[in-house]
Amino acid sequence: MDKTVNQKAWFLVLPVFLVVAFSAVLPLMTVVNYSMQDTFGNNQFFWNGVGWFKELLDPSTDLGGRFLASLGRNLFFSLVILAIEVPLGIVVALSMPREGWTVAACLVILALPLLIPWNVVGTIWQIFGRPDIGLLGYLLNAAGFDYNYVSNDIDAWVTVIVMDVWHWTSLVALLCYAGLKSIPEAYYQAAQIDGASRWAVFKAIQLPKMNRVLLIAVLLRFMDSFMIYTEPFVVTGGGPGNSTTFVSIELVKIALGQFDLGKAAALSLVYNLIILIVCWIFYTVMTNAGVERKVQASSEPAVEPKPSVALKPVPALEPKEGVA
Amino acid sequence: MHSIPGRRLIMGLFLVFLLLPIYWLVNMSFKTNSEIVSTMTLWPHTPTLQHYKRIFTDESWYSGYINSLEYVVLNTIISISVALPAAYAFSRYRFLGDKHLFFWLLSNRMAPAAVYALPFFNLYSAIGLFDTPWAVALAHCIFNVPLAVWILEGFVSGVPREIDETAFLDGYSFPRFFIKILVPLIASGIGVAAFFCFMFSWVELLLARTLTSVSAKPIAAIMTRTVSAAGMDWGLLAAAGVLTIIPGALVIWFVRNYIARGFALGRV
């Protein structure tokens with residue numbers, strides 16, 4: 001856009017910079033400092049160089065084994081919930097009522113799980129899933145399944161995944177709904193004239209229009225599931241055994257449980273680095289998509305604000321490369 | 001054309017899936033503990049308010065809500081007041097390193113709280129803020145300030161540039177323009193941003209629990225600790241949970257059209 005170059009704008013950004021730097025850069029310095037040292041208590045520290053990092057990335061050591069195992073579990077968890085939440089979110093967004101008070105009612109109910117404190121989400125599912133006092137656990141056991149998330153690995157996993165689906169699918173749905181709402185009526189009219197099938201409309205109009213919000217949804221869901229801590233911690237405590245111990249849970253165990261500062265710091269840095277890389281990839285893709293959109297918008301002027309200039313956006317019906 | 005076949009059924013089933021666990025929590029909060037443990041009842045047969053009464057009369061319980069509200073409100077005020085000028089700057093100007101700064105903010109929103117738990121503990125102990133609402137309020141800035149910047153930037157960009165120019169031609173100084181003209185114009189945006197800062201600070205537990213011990217302990221921490229110490233007082237736990245849902249449920253109606261925007265970092 002036509003933003004003017006003005007270096008004085010830094011003064012406006014300075015407060016944000018200072019506040020975030022205070023809470024992000026200072027602590028990170030401490031982490032870097034710890035990650036290179038070993039301690040025997042009493043605030044005596046010894047230089048350990050990259051020792052912790054070597055141990056961390058070597059699966060044969062205790063630390064490395066635990067880290068890599070939790071990383072594997074976490075990646076698996078993220079992939080599973082993405083595979084469930086994204087399609088389900090799209091379906092729910094497409095199922096939204098078109099108008100009237102039901103739209104508002106659905107939006108409010110959809111948003112409800114998002115606004116519940118994370119430990120209460122855990123508590124809700126802890127209570128709901130218990131075989132003795134929870135409706136879900138009771139019904140499953142009454143139906144003949146031997147369901148108990150406290151003692152069975154698979155049950156614990158299913159519970160944690162269903163909980164996450166319950167908690168966050170609404171986010172994907174709300175984002176997709178926002179994307180769907182931005183599609184001008186003229187697109188649908190054009191599709192109707194062309195006799196496009198329901199599936200063709202989805203593939204050629206709705207999906208391409210949603211891909212930006214979907215990108216954001218995938219980014220947010222990946223990130224948040226990759227650093228999930230509170231909900232599984234409340235429900236399963238990382239167990240049974242270590243079966244639902246994700247990276248954050250492992251990290252807190254090492255840092256605040258064992259007070260193993262060096263190991264925890266090395267783990268933190270590697271963890272942060274992974275997040276930073278993924279974040280950067282998404283950011284690049286996102287900004288590129290944004291630029292593409294702007295170029296497109298300026299090449300077909302006045303289509304979006306004035307849907308009455310009907311039938312002009314027909315080019316959008318030709319599936320884009322990579323989508324079809 | 002817009003929707004898919006069977007949409008009412010799908011939507012209905014999904015809403016039931018969302019509401020059932022919450023209903024179960026509410027249901028349990030009105031039961032006596034003996035009813036919870038002994039029988040499986042779909043609604044409270046001997047409804048009781050004893051758990052709520054206990055929370056509202058026992059100081060160790062209700063102080064948790066006050067502590068939580070304290071740091072949440074502090075955090076919201078700090079986040080919004082530092083984010084407003086920055087949002088204006090990002091929306092109107094290009095400056096050295098603006099894109100990098102934007103990315104840096106994004107990366108902080110994504111940083112795992114677990115990484116910061118221990119260094120925050122050290123940092124705030126060192127400067128004497130440990131176990132005060134300020135510690136948690138400042139710690140939560142790490143994800144709320146970027147969020148507020150993004151949401152507000154979207155709203156500021158919606159204000160036509162001509163308004164700034166006219167105001168400056170009319171002799172408004174920058175601070176006066178900001179307070180008298182810009183802030184009222186984006187009032188709804190400030191409301192939305194404040195709501196999300198409030199919400200994200202309210203739902204976070206790990207940092208809040210790590211940075212407090214006695215006097216500023218948030219309700220979330222009180223819930224987890226009491227449960228492990230006093231055996232399982234399920235009814236009380238459920239009642240405490242229901243009370244934490246209420247603030248969100250109360251204001252959700254007013255921001256229903258902005259929810260996607262807030263969760264998408266203002267990018268929708």
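Helices (H or I, at least four residues) and strands (E, at least two) are taken as DSSP runs, numbered from the N terminus. The structure is a predicted model, in which local features need pLDDT of at least 70 and side-chain atom pairs count only at pLDDT 80 or more, while totals for chains, interfaces and linings use all residues. Residues are numbered from 1 along each chain as its sequence is written, and chains are lettered from A and ligands numbered from 1 in the order in which they are written.

In chain A, eight of the 11 residues of helix α11 (residues 247-257) are buried (20 or more other C-beta atoms within 10 Å of the residue's own, with C-beta atoms placed from the backbone), so this helix is largely enclosed by the rest of the structure. Among the buried residues are Val247(A), Glu250(A) and Ala255(A). Just after α11(A), Phe259(A) adopts a positive phi of about 55°.

Between the chains, 79 residues of chain A are in contact with 83 residues of chain B, contact being defined by C-beta atoms, placed from the backbone, that lie within 7 Å. Helix α1 (residues 9-35) of chain A gives the most to the side of chain A that touches chain B, with 14 residues.

How values were computed
Contact = placed C-beta atoms within 7 Å. Buried ≥ 20, exposed ≤ 12 C-beta atoms within 10 Å, placed from the backbone.
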